[in-house]
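Here are my notes on the model you sent, as numbered points. They are meant to be read with the coordinates open.

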Amino acid sequence: MERVERHASFDGWQEVYKHQSEVLKCSMKFAIYIPPHEKDEKLPVIYWLSGLTCNEQNFITKAGAQKYASEYKVIIVAPDTSPRGEGVPDDEAYDLGQGAGFYVNATQEPWSENYRMYDYIVDELRTLIDQNFPTNKVQSIMGHSAGGHGALVIGLRNSEIYKSISAFSPIVAPTQVPWGRKAFTAYLGGDQAFWAQYDAVELIRSSSLNVPILIDQGTEDSFLKEQLKPELLENACIKKEYPISLNMREGYDHSYYFIASFIEEHIVFHINRLSF
């Protein structure tokens, strides 16, 4: 593991590392904010998953989360969104291939060799963070758009690991919208029953869990009606009496201006569960 960036920020450190991933079979980068803390103090972790076309830089340069991570004493880890590099399969479209891993374990060629972002986030990256940074091995997960989809799916499928889940403008039902159907067909094949394990709405319908969920969605989001459809998740949660808070934010769009406006509320939401 090699540190490639380090910046002082709110008395803590915003760092970026690269490492060779055994799961993805390529070099990967992740960003990590480490708040000020005592020498032997162990801290909780929030994982942030970014959306289509993003990498580890988008969140750390646009969300303004460092101030609140410092104040509430929580580590925030923001990995890249897909495997990258020469020899890693790609596509000319922005919503498939590099920059668009969709946080699944691909089963179809040519993607299956490298595109195993689900395992990377849940197992490899989490182990790497716990072994090399001052964590107490207690974590939550959040994300944006396709990363919101990833946070929901990973959090719901691993309730023993993640204490809470939040998302900005998430793709809640990828099996029912164009972005998800395109990616799942390519990565997972034509068996739509197999897709359900990566669909938050389907997971809620079959869930007996109660990991709390917070979602913020802008009313002026250009992807709201066609790609995001938060009402599908809200309705599924209501039927299951599942704990969810959905905030429709008047006038906000899909951008990081939206995320920066409410990121403190998400961090506080997680801190309240991470301290249990």
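**Notes on the predicted model**

1. Tyr-103 counts as buried, at 2% relative accessibility. The structure is a predicted model, and this residue is one to check for its backbone: phi of Tyr-103 is near 55°, a positive value in a residue other than glycine. Tyr-103 is placed in the loop between E5 and H3.

2. The loop that holds Tyr-103, between E5 and H3, also contains Pro-110. The peptide bond that leads from Glu-109 to Pro-110 is cis, with omega near 0°. As background to both points, most residues other than glycine have a negative phi, and most peptide bonds are trans.

3. Ser-145 has a positive phi as well, near 60°. Ser-145 lies in the loop between E6 and helix H4 (146-157). With a relative accessible area of 4%, Ser-145 is under the 20% cut-off and is therefore buried.

4. Strand E6 (residues 135-144) has 7 of its 10 residues buried, so the rest of the structure largely encloses E6. On one side, E6 pairs with strand E4 (residues 43-49) in the parallel sense, over 6 bridges. E6 is also joined to strand E7 (residues 162-168) by 5 bridges, and these two strands run parallel. Gly-143 of E6 takes part in both pairings: Leu-49 stands opposite Gly-143, and Gly-143 stands opposite Ala-167 in E7.

5. Strand E3 is mostly covered, with 7 of its 9 residues buried. E3 pairs with strand E2 (residues 12-21) in the antiparallel sense over 9 bridges, and within that pairing Ser-21 stands opposite Cys-26. The hairpin of E2 and E3 has 4 residues between the strands, and Lys-25 takes a positive phi near 60° there. E3 also pairs with E5, again in the antiparallel sense, over 4 bridges. Tyr-33 has Ile-76 in E5 as its bridge partner.

6. How many cavities of 30 Å³ or more does the structure hold? There is 1, and about 50 Å³ of space lies in the largest cavity. The lining consists of Gln-14, Ala-31, Tyr-33, Phe-59, Ile-60, Ala-65, Gln-66, Ile-76 and Ala-78. Two or more of the lining residues come from each of strand E3 (26-34), helix H1 (57-62) and strand E5 (75-79). By class, the lining has 7 nonpolar residues, 2 polar residues and no charged ones. The bridge partners Tyr-33 and Ile-76 are both among the lining residues.

7. The structure holds 18 aromatic pairs. One of them is formed by Trp-111 and Tyr-115, which are edge-to-face with 5.2 Å centre to centre and 90° between the planes. Both partners are enclosed: Trp-111 counts as buried at 7% relative accessibility, and Tyr-115 counts as buried at 1%.

8. The rings of Tyr-252 and Phe-258 also pair, with their centres 5.6 Å apart; their planes are at 40°, so this pair is tilted. Why is the label neither stacked nor edge-to-face? Planes under 30 degrees apart would count as stacked and planes over 60 as edge-to-face, so an angle of 40° falls in the remaining class. Phe-258 is buried, at 0% relative accessible area, whereas Tyr-252 counts as partly exposed at 29%.

9. Tyr-252 and Phe-258 belong to one aromatic cluster, together with Trp-48, Phe-59, Phe-168, Tyr-256 and Phe-262. Phe-59 is a member of this cluster and also lines the largest cavity.

10. Two arginines sit over aromatic rings. Arg-6 lies over the face of Trp-13, at 3.6 Å from the ring centre. The charged end of Arg-157 sits over the ring of Tyr-198, 5.1 Å from its centre.

11. At 34% relative accessibility, Asp-253 counts as partly exposed.

Methods: Residues are numbered from 1 along each chain as its sequence is written. This is a predicted model: local features need pLDDT of at least 70, side-chain atom pairs count only at pLDDT 80 or more; totals for chains, interfaces and linings use all residues. Side-chain values use heavy atoms; hydrogens and water are left out. Rings of Phe, Tyr and Trp (its six-membered ring) pair if their centres lie within 6.5 Å; planes under 30 degrees apart count as stacked, over 60 as edge-to-face and the rest as tilted. Buried means under 20% relative accessible area, exposed over 50%, partly exposed in between (1.4 Å probe, protein chains only). A charge sits over a ring if NZ of Lys or CZ of Arg is within 6 Å of the ring centre and within 35 degrees of the ring normal. On a 1 Å grid over the protein atoms alone, a cavity is a set of points where a 1.4 Å probe fits but cannot get out, and a pocket is an open set with protein on both sides within 12 Å along at least five of seven lines; lining residues have an atom within 4 Å of a point. Grid points are joined across faces, edges and corners, and a volume is the space filled by probe spheres set on the points. Ala, Val, Leu, Ile, Met, Phe, Trp, Tyr, Cys and Pro count as nonpolar, Asp, Glu, Lys and Arg as charged, and the others, Gly among them, as polar. Two strands pair if DSSP finds at least two bridges between them.
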